[in-house]
Amino acid sequence: VQLQASGGGLVQAGDSLRLSCRASNDYAMAWFRQAPGKEREFVATISRSGRNRKGADSVKGRFTISRDRSTMYLEMTTLKPEDTAVYYCAADSASRWDEIKREYTQYRYWGQGTQVTVSS
């Protein structure tokens with residue numbers, strides 16, 4: 001399984017970015033992020049169907065996860081310096097069409113990570 005993530009960059013606080021992650025199949029997918037010196041944390045997840053999605057409290061109202069078949073997106077608005085991190089996409093099989101997975105231990109397949117840097 002190959003995951004190709006893209007869309008990171010250097011922006012200013014208040015700006016927007018869109019991340020993309022293309023998978024080789026229809027999997028349950030998610031975004032995680034890891035800032036320097038911190039543990040990897042959950043950002044958002046979406047089911048195979050796209051109908052079920054959840055986001056972390058820290059990004060609600062600012063980030064939107066979506067998908068188009070096997071490509072997942074993360075629309076990030078009103079970015080803050082604390083959003084600075086390497087963003088990883090993850091994918092794994094799911095028996096139910098609307099199943100979501102929020103723990104990084106539930107994902108076997110990971111993308112290479114894309115850096116998002118938000119300056120103040």
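Visitor: In which strand is Thr 64 found?

Guide: Thr 64 is found in strand 7, where strands are DSSP runs of E with at least two residues, numbered from the N terminus. Please keep in mind that this is a predicted model, in which local features need pLDDT of at least 70, side-chain atom pairs count only at pLDDT 80 or more, and totals for chains, interfaces and linings use all residues. Residues are numbered from 1 along each chain as its sequence is written, and side-chain values use heavy atoms, with hydrogens and water left out.

Visitor: Why is Thr 64 called partly exposed?

Guide: Buried means under 20% relative accessible area and exposed means over 50%, with partly exposed in between (1.4 Å probe, protein chains only). Thr 64 has 43% relative accessibility, and therefore counts as partly exposed.

Visitor: What is Thr 64 in contact with, leaving aside its neighbours within four places in sequence?

Guide: With those neighbours left out, Thr 64 is in contact with Tyr 73, Leu 74 and Glu 75, contact being heavy atoms within 4.5 Å.

Visitor: What makes Arg 69 exposed?

Guide: The relative accessible area of Arg 69 is 68%, so this residue is exposed. Arg 69 sits in the loop between strand 7 (63–68) and strand 8 (71–76), and its phi is near 60°, a positive value in a residue other than glycine. Most residues other than glycine have a negative phi.

Visitor: Why does Thr 78 count as partly exposed?

Guide: Thr 78 counts as partly exposed because its relative accessibility is 44%. Thr 78 lies in the loop between strand 8 and strand 9 (85–92), with a positive phi near 45°.

Key
Helix = DSSP H or I, 4+ residues; strand = E, 2+ residues; numbered from the N terminus.
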